[in-house]
Amino acid sequence: MLTVVVAIAITLCFVANDSWFRYQRILNSTRGTAGSPEPSTDANSPTGYQMGMRKLVLPAVGADGLHWIMHTQNLLEGGGWRIRFTSNDNVPLGREVHWSHGFIWWLIVVGYFHAAISGLPLPAAIEAVAPYANTLIYFLLITALPWLLFRRFGAIASASFAISMGCTFTFYEFFMIGNVDHHG
């Protein structure tokens with residue numbers, strides 16, 4: 001049992017360390033050049049910033065995540081449980097949206113907590129939490145899944161699984177900081 005605890009702790013430390021450095025790069029990119037003004041918040045704007053501006057800059061792996069942020073903000077603006085159409089893609093015609101909304105709802109839940117703590121409007125809070133929303137799920141999976149395996153397969157298998165969750169880049173990439181996508 002101690003083996004599983006140590007393996008989970010090592011994996012969480014590795015992911016936390018890597019996430020910290022990746023998040024710092026995102027923050028540095030988002031801040032932009034010295035002297036450029038930060039967009040002002042606006043609770044009535046669909047993005048949470050004046051004139052519908054956005055300020056988040058994601059790494060290349062998270063480029064699709066910008067669409068998820070826009071879909072989430074559009075859902076909030078429309079007031080329903082689902083969005084069925086978006087004008088953000090395929091301009092000027094737009095397109096139908098057929099993706100699962102589980103990830104959109106996750107962004108809204110995490111955004112509510114951030115908005116309550118930071119005082120940002122909810123759409124701006126969603127943009128702020130988006131880079132690490134999947135990573136929060138990843139931390140939960142790293143903590144919970146090895147214990148489920150432990151009961152069935154034993155300590156060595158579950159410890160190996162915990163470590164492999166952090167060391168298998170093709171799996172880790174789905175959840176890493178800046179990859180704002182539904183694949184995780």
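Let me begin with helix H4, which bends by about 55 degrees at Ala130, the bend being the angle between axes fitted to the seven residues ending there and the seven starting there. A proline, Pro131, follows within four residues. Helices here are DSSP runs of H or I with at least four residues, strands are runs of E with at least two, and both are numbered from the N terminus.

This is a predicted model, in which local features need pLDDT of at least 70 and side-chain atom pairs count only at pLDDT 80 or more, while totals for chains, interfaces and linings use all residues. Residues are numbered from 1 along each chain as its sequence is written, and side-chain values use heavy atoms, with hydrogens and water left out.

The 32 residues of H4 should span 46 Å at 1.5 Å a residue, and its end C-alpha atoms, 43 Å apart, agree with that; the expected span is 1.5 Å times one less than the number of residues. Just after H4, Gly154 takes a positive phi of about 100 degrees.

I turn now to the neighbouring element in the discussion, H3. The axes of H3 (residues 102–118) and H4 (residues 122–153) come within 7 Å and cross at roughly 115 degrees. Axes are lines fitted to C-alpha atoms, for helices over the stretch in contact, with angles from 0 to 180 degrees between N-to-C directions. H3 is therefore roughly perpendicular to H4, a term covering 65 to 115 degrees.

Finally, the overall arrangement: the protein has six helices and two strands, in the sequence pattern α-α-β-β-α-α-α-α. Its C-alpha trace spans about 55 × 40 × 30 Å along the principal axes.

Note on methods. Parallel < 35°, antiparallel > 145°, perpendicular 65-115°, else oblique.
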